[in-house]
Amino acid sequence: MEEKKENLYKPGEKGFAVFLFLFGAYFLYESWKLYQQEPGASSYGAVPLFVSALIVIFSLAILLSDRKKKTENHGLSVGETIKKTLSYMFPLDVLAVFVLIVLYCVGMQIGLGFVWVTPVFLWVSMSYLMRKGYIKNILWTALCMAFILFVFSYLFSVVLP
């Protein structure tokens with residue numbers, strides 16, 4: 001008897017639990033090293049140790065409870081599984097925004113400045129995701145920039161990069 005389509009896990013769901021476990025294990029190790037420097041409930045390593053231990057415990061519980069459940073990729077070759085999982089996890093819009101974020105970071109890194117790079121990033125990403133209202137997005141970008149500059153530069157006196 002075949003499982004119903006809605007009972008199958010989507011591509012990448014089981015892999016995310018593995019990622020979460022590995023992520024938690026790494027930070028559990030790192031927070032344990034912090035905790036060892038100054039043991040105690042009020043030490044700076046106590047909260048990260050507690051949180052990362054919870055991540056490890058719960059991700060392990062998820063892995064154990066879901067180990068026999070099937071995914072939509074069940075029965076596919078490794079190459080097809082990877083292709084289907086990546087296309088499900090990273091649709092075109094996600095990849096485009098990821099590229100925009102990388103370009104934003106590069107712009108900041110080479111010294112173009114927050115005041116120049118941020119409005120371009122905001123306008124391009126809003127225009128791409130909305131696919132309309134390009135002039136209206138300029139107004140929204142200006143409003144966002146005015147708010148950011150007012151709050152951080154004037155209220156909190158933060159020097160923006």
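User: What does lysine 33 count as, at 38% relative accessibility?
Analyst: Lysine 33 has a relative accessibility of 38%. Buried means under 20% relative accessible area and exposed over 50%, with partly exposed in between (1.4 Å probe, protein chains only). Lysine 33 therefore counts as partly exposed.

User: Which rules apply to numbering, confidence and atoms?
Analyst: This is a predicted model, where local features need pLDDT of at least 70 and side-chain atom pairs count only at pLDDT 80 or more, while totals for chains, interfaces and linings use all residues. Residues are numbered from 1 along each chain as its sequence is written, and side-chain values use heavy atoms, leaving out hydrogens and water.

User: Which side chain meets lysine 33 in a salt bridge?
Analyst: A salt bridge needs a side-chain nitrogen of Lys or Arg within 4 Å of a carboxyl oxygen of Asp or Glu. Here the N to O distance is 3.5 Å. The side chain that meets lysine 33 is that of glutamate 30.

User: How many residues apart are glutamate 30 and lysine 33 in helix α1?
Analyst: Helices are DSSP runs (H or I, at least four residues; strands are E, at least two), numbered from the N terminus. Both residues sit in helix α1, separated by about one helical turn. Their spacing in that helix is three residues.

User: How many salt bridges does a search of the whole structure find?
Analyst: Side chains of opposite charge can pair when their charged atoms come close. Among the pairs here is glutamate 30 with lysine 33. The number of salt bridges found in the whole structure is four.

User: What is the distance between the closest N and O atoms of glutamate 72 and lysine 10?
Analyst: Glutamate 72 forms a salt bridge with lysine 10 at 3.1 Å. Glutamate 72 lies in the loop between α2 (46-66) and α3, and lysine 10 in the segment before α1 (13-37), so the pair ties together parts 62 residues apart in sequence. Glutamate 72 is buried at 16%, whereas lysine 10 is partly exposed at 35%. The distance between the closest N and O atoms is 3.1 Å.

User: Which residue forms a salt bridge with arginine 131?
Analyst: The closest N and O atoms of this pair are 2.6 Å apart. Arginine 131 lies in the loop between α5 and α6 (134-155) and its partner in helix α4, so the pair ties together parts 38 residues apart in sequence. Arginine 131 is partly exposed, with a relative accessible area of 45%. The partner is aspartate 93.

User: Which tyrosine has arginine 131 over its face?
Analyst: A charge sits over a ring if NZ of Lys or CZ of Arg is within 6 Å of the ring centre and within 35 degrees of the ring normal. Arginine 131 is at 4.6 Å from the ring centre. The ring belongs to tyrosine 128.

User: How many aromatic pairs does a search of the whole structure find?
Analyst: Rings of Phe, Tyr and Trp (its six-membered ring) pair if their centres lie within 6.5 Å; planes under 30 degrees apart count as stacked, over 60 as edge-to-face and the rest as tilted. The search covers the whole structure. The number of aromatic pairs is nine.

User: What is the angle between the planes of tyrosine 104 and phenylalanine 121?
Analyst: The two rings are 5.0 Å centre to centre, and the pair is tilted. Tyrosine 104 lies in helix α4 and phenylalanine 121 in helix α5 (residues 114-130), so the pair ties together parts 17 residues apart in sequence. The angle between the planes is 45 degrees.

User: Where is the cysteine sulfur nearest to that of cysteine 105?
Analyst: A disulfide is a pair of cysteine sulfur atoms within 2.5 Å. The whole structure has zero disulfides. Cysteine 105 is in none, and the nearest sulfur, 18 Å away, is that of cysteine 144.

User: Which helix gives the most to the nonpolar patch?
Analyst: Patches are made of residues with over 30% relative accessible area and no salt bridge, joining like charges within 9 Å and nonpolar side chains (Val, Leu, Ile, Met, Phe, Trp, Tyr) within 5 Å. This patch of about 730 Å² includes Val78, Met89 and Leu95. Two or more residues come from each of α3 (78-89) and α4 (92-109). With five residues, the element that gives the most is α3.

Conventions:
Accessible areas come from the Shrake-Rupley method with a 1.4 Å probe; for residues, only the protein chains shown count as cover.
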